[in-house]
Amino acid sequence: MMIIMKVNATPQQVEGVIASVKEAGLNVHLSQGVEATIIGAIGETHNIPLERFESLDGVDLVQRITQPYKLASRQFHPENTILNIDGFTVGGDEIAVMAGPCAVESRSQIIETAIAVKEAGASALRGGVFKPRTSPYAFQGLGEEGLELLAEAREETGLPIVVEIMSQVQLDVMVKYVDVFQVGARNMQNFNLLRAIGETRTPVLLKRGLSASIEELLMSAEYILAGGNNRVMLCERGIRTFETSTRNTTDINAIPVLKNLTHLPVILDPSHSTGHANYVAAVARAGIAAGADGLIVEVHPDPAKAVSDGKQSLKPEAFAEMVKQVGQIAQVMGRGLAVSSAYQPAKQGWA
Ligand code: PEP
Ligand code: MN
């Protein structure tokens, strides 16, 4: 339920409504936007009549949120959520480009990639250290050693790091290193993990499940938001269809649909959604034209030797070219590329 306050409502009136919501056994989520103050009454609201709050001082309107997700809904929070992640923003006018290898493999690989993506215009470095592999015999990631290497790469370039978390067991170690948690497609409905991340205040990139609907993605975001962590971005990474010429099918529709349904930033992963380096730039351009707030792209200095996802990884030169093209599309959309203000020029002598 949303209680929309009158434009001239006083802080005391807002407090009064909050007290009544709590009295009704509901949780309060206060959204103080430029246009309006909205008090979200979250919980089992279907038996509570709207009139209970309509007559309170300072209340303009009381509405039920019709979608099953509440905190993620644009109805509840009409303005875009803009996340500030170590000096750059996601969800506002800036397009954020996060890039790096599928998996951290070695010091030279991650440092070399970090410097290259930074120079090409990326605002964050990605790299997996706990990898969700289809085969238990495939490389599973470097674990904490990989986190140390990512931290070194961050030190070197100033780029914040985006790293996938697969289980709440990894939370204690990861929270010490990571700037953005990635929740991968396979874990989109790992509700225990989502709840655990909801207890932190670390930003989250939540990827859409392999066969998950947009509503299911939003319900998963709701788990994190309900814990009080409102620093969530959503990621379209392709869905399973009958088509076999690409690894997945980019659901380009998901971008405008999500922008309509939710206030959360929307990121596109053109790497996993196509599975082929040759198609990544085209789909990245399409994503920005469709209204995405950013991209997450796999880049490897030597894709042929990558231990995972080499086929879809861009070489640094191709990534730099993609960023240029994306920058032009962003301009057409009245936006620009985000630049991390945390950036310190790379020292010489690495790699
Ligand atoms: C990844 O980002 O390397 C990854 C495993 O992605 P997804 O969860 O989208 O498959
Ligand atoms: Mn990958």
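This is a predicted model: local features need pLDDT of at least 70, side-chain atom pairs count only at pLDDT 80 or more; totals for chains, interfaces and linings use all residues.
Residues are numbered from 1 along each chain as its sequence is written, chains are lettered from A and ligands numbered from 1 in the order in which they are written, and side-chain values use heavy atoms, with hydrogens and water left out.

Helices (DSSP runs of H or I, at least four residues) and strands (runs of E, at least two) are numbered from the N terminus. Helix α4 covers residues 144-157. The expected span of a helix is 1.5 Å times one less than its number of residues; the 14 residues of α4 should therefore span 20 Å, and this agrees with the 20 Å between its end C-alpha atoms. Buried residues are those under 20% relative accessible area, exposed ones those over 50%, and partly exposed ones lie in between (1.4 Å probe, protein chains only). In α4 the buried residues are Gly-146, Leu-147, Leu-149, Leu-150, Ala-151, Ala-153, Glu-156 and Thr-157. Their packing partners are α3 (107-120), β8 (124-126), β9 (161-164) and α5 (171-175), where contact means heavy atoms within 4.5 Å. After α4 comes Gly-158, with a positive phi near 80°.

Ligand 1 has 13 residues around it, of which Arg-126, Ala-185, Arg-186, Lys-207 and Arg-237 come nearest; a residue is near if one of its heavy atoms lies within 4 Å. This shell comprises three nonpolar, three polar and seven charged residues. Ala, Val, Leu, Ile, Met, Phe, Trp, Tyr, Cys and Pro count as nonpolar, Asp, Glu, Lys and Arg as charged, and the others, Gly among them, as polar. Oxygen atoms of ligand 1 lie 2.9 Å from a polar side-chain atom of Gln-182, 2.7 Å from a backbone N or O atom of Ala-185 and 2.9 Å from a side-chain N or O atom of Lys-207. The protein buries 97% of the 300 Å² that ligand 1 exposes when taken alone (Shrake-Rupley method, 1.4 Å probe).

Thr-250 is placed in the loop between β12 (232-236) and α8 (254-261). Leaving aside residues up to four places away in sequence, Thr-250 touches Glu-236, Gly-238, Leu-268, Ser-273, Thr-274 and Val-283. Ala-304 belongs to the loop between β14 (294-298) and α11 (316-332). Ala-304 counts as exposed because its relative accessibility is 77%. Between Ala-304 and Lys-315, 11 residues apart in sequence, the C-alpha to C-alpha distance is 9.8 Å.

Note on methods. A polar contact is a pair of N or O atoms within 3.5 Å; within protein, one must be able to donate a hydrogen and the other to accept it, and residues adjacent in sequence count only if both atoms are side-chain atoms.
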